[in-house]
Amino acid sequence: MKASVGKIFSLVASDRLTVWLVAAWTLLYVTLAVWSAEAFTAFIHLLAASFVFKAVYIVFLANITVRLIAYLRVSLRVRPLMAAANGLFVGGFILILLGFFLSVATKQMAQPLAGEGSAVVTPWDGKAYGIERVAPSLRDSVLDIDDGDGLFSLEPKVTIATDDGAVEIGAFPPVNVGGYLGGAWMHVLQCGLAPVIRVSGADGNVMREGRVALRLLPPGGSDRFSLDGTPYSFVFKLSPSRVIKKGNTEGRVYDIVRPVYEITVVKGGEELARELSNRPIVFDGLALEITGTSSWAILDIARDPGIAFVVAGLAMLAAGGVVLPLAVARVFSMLTRHRAGEYNS
Amino acid sequence: MIEPLFVGVKAAVIASMAVAACHHASKKNGNMPVIAAAIALLIAPFALYLPESLNAGNVISRLSAYEFILLYIAAALSIRLSSDGRFSRAAMLFLPAVYLLPDFAGSALHLRETALMRGNAVSVFATSTAGFIALSALFIRFRRNVLSPDFGAFFGLPQTLLFLAVMRLLLGGAGGGSGWSIIPAMQALTMKFVHDVVHHVFSIILVPDHPLLRVTVWNFIGFFFGPNFSMMVTAGLLVTPPVMFVKRILFAPDVDGHVFETAAERRLYRADVRLSRRKEAAAGIVFIAVILAAWFIQGGESPTTRYNPAPKPVVEDKGVVVIPLKDPTMNLKDGAIHKFSLARDDGSVMRLLVTARSDGSLAVCLDACEICPPDGYGQSGKTVICLFCDTPIPTDTLGKAGGCNPIPVRAEVTAADIRISVAEIVDKWRRVNMRANAEGGR
């Protein structure tokens, strides 16, 4: 029994197994890439659906982990700095692969539209989180060449009620709610402006009124919506509040809090009217009016134990990138001293 | 008639070198590789009789790329796992047949296309056959030199596999002069892989989709998506097996020659072993040099060298744009991307992109996506690449909406032309993000 366990362990720890498995993964991926267009997607689907692939992947992870531990046991005593650098790199890589696997195998997610006063429900446990506030974090005005302040050029904040109190969620990093393994990671996936429209008939009767969520941010993009039950559709685009010219460079300043839209009314592919939104647009006896603007956000909610591993793996890779130059410098310094000793003797 | 002659000569060069390499690897069974090559030569013309629906040209082209990878993996395995060759040498006897079949079949199909274009099949095939026979005769004349045991000292199993792989890499494109190297295809594959991995890691750690990302963040991500990074990765992947090989040979433990009685005999023995190792390693060093040279010459496509044809102006006729499938200046089914521009009375210009997928169907899209400013797309092998954000998109997926894919356009494809409603083009073009490039985001 002990002998067979030893045999299995030595097989799992062998470098030959690593070589064969790397060759097998490469062959599988290349086969998918050569014979189908989306190899990576196909690879993920295989890994998610096939028990055999999962088993082989776990053996591969076990193999490289055992080999890393064996390497560190020897090398940390002999070349500690270089071993640490290699350990951080390979360890980080293993954690990313583990996180990738956990994510592919177990991830559950939802992408609800967040509106103040509503609630988002996690589909895996049916738990509801009330949305207390959606703060668009829009500045009074942005320049179209603006680089923004954070990771994103315009980052909204959504405040959610949890068991531990109110939590503010931005676009990045994601926030964990309800425990790292069983809980949910949340962040704002998309956000945008929602102009409040009012369409009136010739007699002044209001035919439609409400908010329309459009993707107009960052400024410059255009989006459209159709008026159900009518042949009309409307193309919206933010209109600059002013244009700054300096030499050959031109910048447009957009008022995001009180935006002005350039609206094109389309009927059957033909343009009926194109006007700015600061006054009613009249077409075919109807009038379109913009009475205000609010914001919208889509949350990305995921239950994914892989996130923590991938983040830890990336951090280890970054740390490895810091330690490696130190280790290399140390090796060079040792070599130089060694040679100097030889020449002097 | 240069092109058919060239196709014949190229096929004979590949066949001669493959036969010579396999002969050295299989040592004593000298005639078997020749017989295997002859079998491939006899079978290959049957590719001409395959039904058009099989799209044999495309399959053969993919087979060439696939063979290269298989040989490279086999070479790496033979280097890493066994210095004396765990693979059966007998397999080398049959390798030429498998190796040469796609080349010969691809050449036959290419010649048929050339014959169709020139309208003279007899002269095209005769010229090519003459080139093949002339080069083969030259090989037979000098076979004693090429197949001599001295030359064979450079060829073990790993060297042979590497040699065949490198030859496939450099000469692998099935067809004539246009199909030389598969390095650009390798680079496109690497670029796509890197793009997908980075994108997937981002999606795991819940970084939102890119419209809101800051310019500096995109510049950082763009480094991984760009051609420079994939160039470096491709070069690294290509030289890894030969470097492994050279390292294994040159850095093998030194022999002590303890079976010899005198020190002089031991020194002689050690010198002999070292010379033999250097000879073995020489092939690997040559491969590294050749691969790097080819990579410098043929790899490293920058966005400016991507195929990006100037759009041909089209006009609307009663609300419809009509594009002929074939005219003297273009063939929409030739696998290249074709661009067309439609100018409107208001001064706006909308661009269309048309190309054939590998199954022969036509993809009709806008030369723009919903996310990026409308810089359009360039072509690199079997992928179109967004000229703004460098996202590679396989040609076969064109027509699917979303992300950085070109926006698909509904079109009626008849036997003679493509008909697209102007209203459809105008409608779809409105979705294009008209952000000015000066904004600088990626």
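Biologist: How many aromatic pairs does the count come to over all chains?

Modeller: The count comes to 17 aromatic pairs over all chains. Rings of Phe, Tyr and Trp (its six-membered ring) pair if their centres lie within 6.5 Å; planes under 30 degrees apart are stacked, over 60 edge-to-face, and the rest tilted.

Take Y29(A) and F193(B). Their ring centres lie 4.9 Å apart with the planes at 75°, so this pair is edge-to-face. Y29(A) sits in helix α2 (residues 15-35) of chain A and F193(B) in helix α9 of chain B, so the pair joins two chains. Helices here are DSSP runs of H or I, at least four residues, numbered from the N terminus. Y29(A) is buried, at 11% relative accessible area. F193(B) is partly exposed, at 34%. Buried means under 20%, exposed over 50%, and partly exposed in between (1.4 Å probe, protein chains only). Both rings belong to one aromatic cluster, which also includes W25(A), F40(A) and F100(A).

This is a predicted model, where local features need pLDDT of at least 70, side-chain atom pairs need 80 or more and totals for chains, interfaces and linings use all residues, and side-chain values use heavy atoms, without hydrogens or water. Residues are numbered from 1 along each chain as its sequence is written, with chains lettered from A and ligands numbered from 1 in the order written.

Helix α9 (residues 183-204) of chain B has 22 residues. After α9(B) comes L206(B), with a positive phi near 60°.

Now a pair within chain B. F68(B) and Y72(B) are both buried. Their rings are tilted, 4.8 Å centre to centre with 35° between the planes. The two are four residues apart in helix α3 of chain B, separated by about one helical turn. F68(B) touches A165(B), R168(B), L169(B), I182(B), M186(B) and L238(B), not counting residues up to four places away in sequence. Such a contact means heavy atoms within 4.5 Å.

Conventions: The expected span of a helix is 1.5 Å times one less than its number of residues.
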